Amino acid sequence: MVLALYPQARPRLQVTEEPASGISPPMGPSFEGLLERILEVLRPFELRTFVIGFERAEGYDRCRHEREFRALKVALGEEIARRIPGVDADFDRPDLRIHVARDLSVSAQPAPLFLGGRYRKHSREIPATRWIHHACRGRGCPTCSYTGNLCGPSIQELLSEPVLWLSGGERTLFHALGREDTDARMLGRGRPFVLEVHRPLRRTLPLERVQELFQESAGDLAEVLGLRLTTREARSAVKSAAAEKTYRAWIEAAGPLPADAAERARALAGRTVDQASPERVEHRRGRGRQRLRRIVESSWLGEVEGKLVWEARVEAGTYVKELVSGDGGRTRPSLAEVLGVPCRCAALDVLEVHWDPPWEGVGSVDIPARATHYPHLPWPSS
Ligand SMILES: [Zn+2]
């Protein structure tokens with residue numbers, strides 16, 4: 001069968017300019033054949049809304065293209081909506097775009113799914129996102145035990161596995177609101193993230209099942225909480241948010257502390273810190289960049305479980321390990337400076353990311369409170 005819809009053979013296609021509702025769409029071998037192709041391509045996908053686009057013919061401007069194909073699009077759209085119950089055309093934000101190429105081959109481009117949630121990371125061994133072993137380009141080699149990763153499994157991978165399985169998607173992108181160092185824990189209510197799922201076959205996911213499956217493989221390493229379907233805008237919001245964070249730093253001091261250590265530490269609240277890029281990130285960020293960051297709150301908890309603990313709420317982008325040590329004078333003031341004793345941050349926990357995710361309507365997501373505070377945290381063994 002010859003499908004000829006494009007200009008050189010347009011007379012074969014009979015379409016009325018504005019098919020009135022209730023009137024059968026124009027039928028004919030071309031139309032029926034194309035419709036069958038589209039329905040075949042749509043078969044694996046769950047969708048509620050779609051839009052049809054035709055590849056533009058050479059020499060056609062957008063207006064002419066639109067004019068010539070509008071009636072056909074409307075007719076196809078109505079017929080698809082009639083044959084697949086619950087499905088309708090939507091030009092703004094379709095679940096799926098149907099593309100008809102000039103050779104009349106049909107392809108489908110499902111919109112990505114966006115899942116919003118929070119994660120807690122209890123392990124100091126796993127990263128939030130995949131850390132690819134660059135020597136083997138993530139393909140796996142003896143050095144990385146054929147995992148393709150330098151350390152892992154990451155939260156992104158642990159979550160992607162059940163999501164891809166249940167959605168039929170092809171791959172994921174993980175957008176978190178900032179990130180902690182691999183050896184830091186993410187506690188409190190967890191860190192907000194958006195998981196972007198490309199080419200999903202299904203759009204309604206059993207999110208509780210996703211969380212269960214995540215938990216089965218993550219064990220005690222991490223938790224995922226409050227998973228919700230969200231929007232592309234949430235992805236932008238999470239990527240551009242600059243949120244204050246509260247940290248708990250476990251400190252090792254090189255000498256005896258002054259008697260008024262608590263007051264000295266508390267006096268850091270409200271101070272602005274001048275930080276040069278730390279040595280450890282210079283290879284990534286470049287040398288000599290200065291940044292000013294504000295310390296919002298600062299409290300000295302003294303000795304907890306035989307270790308010294310300092311908690312601080314700081315502006316987005318503060319290097320906290322360097323805020324403790326002073327980084328050889330590259331961060332000023334620092335905790336070590338105000339205490340008058342060389343200090344280093346032996347371990348770090350993020351206690352709170354101060355940001356309200358747009359997908360969590362007020363009161364609609366219940367983040368279990370049990371882990372909001374860790375008053376008796378054991379000293380991390382790792
Ligand atoms: Zn490798």
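This is a predicted model: local features need pLDDT of at least 70, side-chain atom pairs count only at pLDDT 80 or more; totals for chains, interfaces and linings use all residues.

User: OK, and how do β1 and β3 pair, parallel or antiparallel?

Analyst: Strand β1 (residues 49–54) and strand β3 (residues 96–100) run in the parallel sense, with five bridges between them.

User: What is the order of the strands in that sheet?

Analyst: The order is β2-β1-β3-β4, an open sheet of four strands with mixed pairing. At the edges you'll find β2 (88–89) and β4 (106–110), and each has a single partner strand, so one side of each has no neighbour in the sheet.

User: Which helix packs on the sheet?

Analyst: That's α2 (residues 62–83), which touches β1 and β2. The direction of α2 makes about 150° with that of β1.

User: Switching to helices. How do α3 and α4 cross?

Analyst: Helix α3 (residues 155–167) and helix α4 (residues 207–218) have axes that come within 9 Å and cross at roughly 140°. That angle is why α3 counts as oblique to α4. The crossing is right-handed.

User: Which residues make the contact?

Analyst: From α3 you have Leu158, Leu159, Glu161, Pro162, Val163 and Leu166. From α4 there are Arg209, Val210, Leu213, Phe214, Ser217 and Ala218. Sorted by class, the contact has nine nonpolar, one polar and two charged residues.

User: New topic: what about the backbone, which peptide bond is cis?

Analyst: Look at the one from arginine 332 to proline 333, where omega is near -10°. Proline 333 sits in the loop between β15 (331–332) and α9 (335–339). As background, most peptide bonds are trans, and most residues other than glycine have a negative phi.

User: Is serine 145 buried or exposed?

Analyst: Exposed, because serine 145 has 10 C-beta neighbours inside 10 Å.

User: And aspartate 327, buried or exposed?

Analyst: Aspartate 327 counts as buried, because there are 20 C-beta neighbours inside 10 Å.

Notes. Residues are numbered from 1 along each chain as its sequence is written. Axes are lines fitted to C-alpha atoms, for helices over the stretch in contact, and angles run from 0 to 180 degrees between N-to-C directions. Helices (H or I, at least four residues) and strands (E, at least two) are DSSP runs, numbered from the N terminus. Angles under 35 degrees count as roughly parallel, over 145 as roughly antiparallel, 65 to 115 as roughly perpendicular and the rest as oblique. A crossing is left-handed if the near helix is turned anticlockwise from the far one by less than a right angle, and right-handed if clockwise. Two residues are in contact if their C-beta atoms, placed from the backbone, lie within 7 Å. Ala, Val, Leu, Ile, Met, Phe, Trp, Tyr, Cys and Pro count as nonpolar, Asp, Glu, Lys and Arg as charged, and the others, Gly among them, as polar. A residue is buried if 20 or more other C-beta atoms lie within 10 Å of its own, exposed if 12 or fewer, and partly exposed in between; C-beta atoms are placed from the backbone. Two strands pair if DSSP finds at least two bridges between them.
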